[in-house]
Amino acid sequence: MTCSDPQDLRRRASWDGASGTSWRRLLDDLQRQYEIPMEIFLCTPLCFVHPLMSCLPDYTPSSTIIPRRRCSTLLTQSREYQRYRCLYHKSAVDPSSSLLSSDHTCDKESFPRITTTILEVHSDEVWNVAWSHNGDRLASASKDKTAIIWRIGLEAEPSSRDCIAEFILRDHPYPLGCLAWSLDDSILSTSADHLIFLWNTKTGVLIKTLENHAETVSALVWLPDGSGFMSGSLDRKILLWDMEGELRESWHDIAIRVTDAAVTPDMKRLVAVGMGYNPPPTLARANVRDASPHTAPNDNGNAMGPRSPENRMIIYDLKTGQVELSVHMEGELTSVNISEDSRHALINHAPDEIHLWDLEESRLAHKFTGQRQGHHVIRSCFGGINGNFIISGSEDCNVYVWHRDTGTLLEALEGHGSGSVNSVAWNPRNKRMFASCSDDNTIRVWEAPVSTGGLLRVRRLCV
């Protein structure tokens, strides 16, 4: 289509001028035919677009020019890309926001990087921490042979928050390694050497002691449907229990001495890591994918023992118990954590690395470096909105935080005393709070700086 001059174009388009009603007809026409979002209109001079768009439908179908919903798709991709590039992303992107007029970004100052509470009740090294599912209680496990259930309120202002040691669970004959909350938070399971303990979290009373493992229990994980839990041990056993602590199923003589294990939230897979790989003689190799791209927990607690000749990550089909993938790794594997979407497994890998595995594509997606791990069990986790942060303790007394998608190291948080920061846990309800525990006998709660701009007074809880 050609026009002899601007007046000819305006006449053919039936344009009634800048003060007319053509702009409203244009908006309605674009939204109806091309499904172009309102943000496009805000950034495009209407006097240039209207004549052309009014004439084109007479000559060319709209689907040939712009596929249906294409502009909406491009705008969605723009939002996702900006979220991906936002290193300190802390909230969902508002779909109604105009991202064409300004780029999305989150303020670093709102990231939880300040200690607001220090819990000082344990008398020895604290090896593990875990939040309840409702986010108002924190459990800790220590070398002092106790577990503590802390009640930590969800009030926004730390100074007005309830924070008490609700129960001190003392009936363990050995130092504690593992902690896990039931789905409804009514039961806390703990492990000490080869023993498993089930505790009533409302009364602090011991419900049951389980003695089915022959060596150190190194993994406790409750099933996402709340029907029971699984335990893994250095004795090459993975056991399935119901909520009452009755044994339902036993996987004997598995290929590794388990150092940790986790179940995906969709209940499709069990991911186990361990040492001393010994392939079962009856294993049907045609059904197992083997991918191949040294210290682990010993019977004495959090220190790592002699190097094993081979370390493995093994992915099982949870329903059948069959091996889906077996991956050889050169370094020691001390912990595994699964993302909320069941897509990724986060594995602490000594020396000095954390690996992010894509479980759907069976590949290593990222390596995170900067922290120190060579002699102790370190447990890392996902954090933030949609698990967009990776957080880990370290043997240099610091807590490290990375952006998951880019691998960028964001923070190295100081505060703990001498010794290793052994475990971290992000609050499942308050996405701006996490906890860490250390060989300095303390637990720290981390939050964003106070909004008032005043000095933050750290609360210390002792008994």
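Trainee: How many strands does the open sheet with β21 hold, and what is their order?

Mentor: Strands of a sheet pair through backbone hydrogen bonds, either parallel or antiparallel. Here the sheet has 4 strands in the order β21-β22-β23-β24, and the pairing is antiparallel. At its edges stand β21 (332–338) and β24 (363–368), each of which pairs on one side only. Neighbouring strands are turned by 25° against each other on average, direction ignored. Strands are DSSP runs of E with at least two residues, numbered from the N terminus, and two of them pair if DSSP finds at least two bridges between them. The angles, which run from 0 to 180 degrees, lie between the N-to-C directions of lines fitted to C-alpha atoms. This is a predicted model, in which local features need pLDDT of at least 70 and side-chain atom pairs count only at pLDDT 80 or more, whereas totals for chains, interfaces and linings use all residues. Residues are numbered from 1 along each chain as its sequence is written, and side-chain values use heavy atoms, with hydrogens and water left out.

Trainee: What is the order of the strands in the open sheet with β10, and why is one side of β10 left without a neighbour?

Mentor: This open sheet, also of 4 strands with antiparallel pairing, runs β10-β11-β12-β13. Strands β10 (217–222) and β13 (247–251) are at the edges with a single partner each, so one side of each has no neighbour in the sheet.

Trainee: Which residues have the most contacts inside the largest nonpolar core?

Mentor: A nonpolar core is a set of buried Ala, Val, Leu, Ile, Met, Phe, Trp, Tyr and Cys residues joined through side-chain atoms within 4.5 Å. Buried means under 20% relative accessible area with a 1.4 Å probe and protein chains only, exposed over 50%, and partly exposed in between. The largest core has 20 residues, and M230, I238, L270 and Y316 have the most contacts inside it. Two or more residues each come from β10, β12 (238–242), β14 (257–263), β15 and β19 (311–317). The largest share, 3 residues, is that of β14. Contact means heavy atoms within 4.5 Å; leaving aside residues up to four places away in sequence, I238 touches, among others, M230, W251, V258, L270 and Y316. Another core, of 16 residues, lies apart and includes L119, C163, A435 and I443.

Trainee: How are W251 and Y316 arranged as an aromatic pair?

Mentor: A pair of aromatic rings is described by the distance of the centres and the angle of the planes. Rings of Phe, Tyr and Trp (its six-membered ring) pair if their centres lie within 6.5 Å; planes under 30 degrees apart count as stacked, over 60 as edge-to-face and the rest as tilted. The structure holds 11 such pairs. W251 and Y316 form a tilted one, with 5.3 Å centre to centre and 50° between the planes. W251 has a relative accessibility of 11% and therefore counts as buried, and Y316, at 4%, counts as buried too. Y400 and W402 form a stacked pair, at 6.1 Å centre to centre and 25° between the planes.

Trainee: Are the residues of the strand with Y400 and W402, β27, buried or exposed?

Mentor: In β27 (residues 399–403), 5 of the 5 residues are buried, so the strand is largely enclosed by the rest of the structure. V399, V401 and H403 point one way, while Y400 and W402 point the other way.
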